[in-house]
Every structure is written in C-alpha cells, then in structure tokens.
Amino acid sequence: MSLDSSSYFHYAKHSLYLLNDLQYIPIKEDVAYSDTISSACGCPVCTHVTLNDLRFKEPKYRSILLEIHNYVAIDNLFKYAYRHSGSPHQLRQALLRINNRTREIDLIYNTLCAIEPFRNIDVSDEFLDRLYADLIGRKRR
Ligand SMILES: [Zn+2]
C-alpha cells in the first residue's frame, strides 16, 4: 500500500474500505461482512452505515461514503503516528502495536534513523557546504 493526498479517493473508487491500520477490505455484493468491523470506526459514515449496507448501495453513492470513511481512517492514522513521533523508536513501537508489517515499518524506522541527526539543524547553505566538503572531500559547486 502507498499513501498520498488522494489515496482516500482511489481506494474508494475501487470499493476498498480502509481499516485503522490502513489494510483494506474489498466491498463486494456477494460477500457478507461482520458488523463489528464498521462499528469499530467512529467516523460519520460508519456510525450510520454498516459494511453490509455499503454492499448494496449504488456504486457512485458507495464510493462517496467510502471516500469519507477512508479519509477519516487515514487522518486518524496520521494523527496517531504524530502523537507517537517523539523518536524513530517510539514511532516504530506505536506502528507495530497496530500493524504487523514489520518489513515496511522497519523501512520507515531506518529512514527516520538516517535523517534523525538533521532533525534540529538549520540546513543553511553553510551547513550544506561543510557537510558536502566533509563527505565528498571538496567544495560544493
Ligand atoms: Zn468509518
């Protein structure tokens, strides 16, 4: 899965219901769903509509309802991540509590660890010149 600013729309367009860990459930007319799935979400859609209700909505109407739900699911995950973003380790632990995709989480963790030393540094031209000279061994052009 990947995420960008239009993910909520694209997942809805393909009738995919995002869970709070951003895994998804395809909504199909010939599949019965547990009502506990949507009742676990507190969004404006799920407080009124179950996944079984969504199955039989007109595709356009279902897509709009899924857009709203998916937007809230993504927003909630990012708010959760932000609350636990004090350090790469803290974020890794928080993500592992809600998702078991250790490979992807470790990729995020390793990336954050690589950029962590730059967190409180003013990345000025002078800083970049010094860093470049230290790493490359000559002046930056
Ligand atoms: Zn919802």
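This is a predicted model: local features need pLDDT of at least 70, side-chain atom pairs count only at pLDDT 80 or more; totals for chains, interfaces and linings use all residues.

Biologist: In what order do the elements run from the N terminus?

Modeller: The order is α-β-β-α-α-α-α-α-α. The chain is more spread out than a compact globule, because its radius of gyration is 21 Å, well over the 14 Å that the globule rule gives for 141 residues.

Biologist: What box do the C-alpha atoms fill?

Modeller: Roughly 65 × 30 × 25 Å, along the principal axes.

Biologist: And how much of the chain is buried?

Modeller: Buried residues are 14% of the 141.

Biologist: Switching to helix 5 and helix 6. At what angle do their axes cross?

Modeller: Roughly 165 degrees, and the axes come within 9 Å. Over 145 degrees counts as roughly antiparallel, so helix 5 and helix 6 are roughly antiparallel to each other. The crossing is right-handed.

Biologist: Which residues meet there?

Modeller: From helix 5 (residues 88–98), P88, L91, R92, L95 and L96. They meet T102, I105, Y109, L112 and C113 in helix 6. That contact divides into 8 nonpolar residues, 1 polar and 1 charged.

Biologist: New topic: V31. Where does V31 lie?

Modeller: In the loop between strand 2 (24–26) and helix 2 (35–39).

Biologist: Is V31 buried or exposed?

Modeller: Exposed. V31 has 11 other C-beta atoms within 10 Å, and 12 or fewer counts as exposed.

Biologist: How far apart are V31 and Y11 in space?

Modeller: 18 Å, C-alpha to C-alpha, at 20 residues apart in sequence.

Definitions and conventions. Residues are numbered from 1 along each chain as its sequence is written. Helices (H or I, at least four residues) and strands (E, at least two) are DSSP runs, numbered from the N terminus. The radius of gyration is taken over C-alpha atoms; the globule rule is 2.2 Å times the number of residues to the power 0.38. A residue is buried if 20 or more other C-beta atoms lie within 10 Å of its own, exposed if 12 or fewer, and partly exposed in between; C-beta atoms are placed from the backbone. Axes are lines fitted to C-alpha atoms, for helices over the stretch in contact, and angles run from 0 to 180 degrees between N-to-C directions. Angles under 35 degrees count as roughly parallel, over 145 as roughly antiparallel, 65 to 115 as roughly perpendicular and the rest as oblique. A crossing is left-handed if the near helix is turned anticlockwise from the far one by less than a right angle, and right-handed if clockwise. Two residues are in contact if their C-beta atoms, placed from the backbone, lie within 7 Å. Ala, Val, Leu, Ile, Met, Phe, Trp, Tyr, Cys and Pro count as nonpolar, Asp, Glu, Lys and Arg as charged, and the others, Gly among them, as polar.
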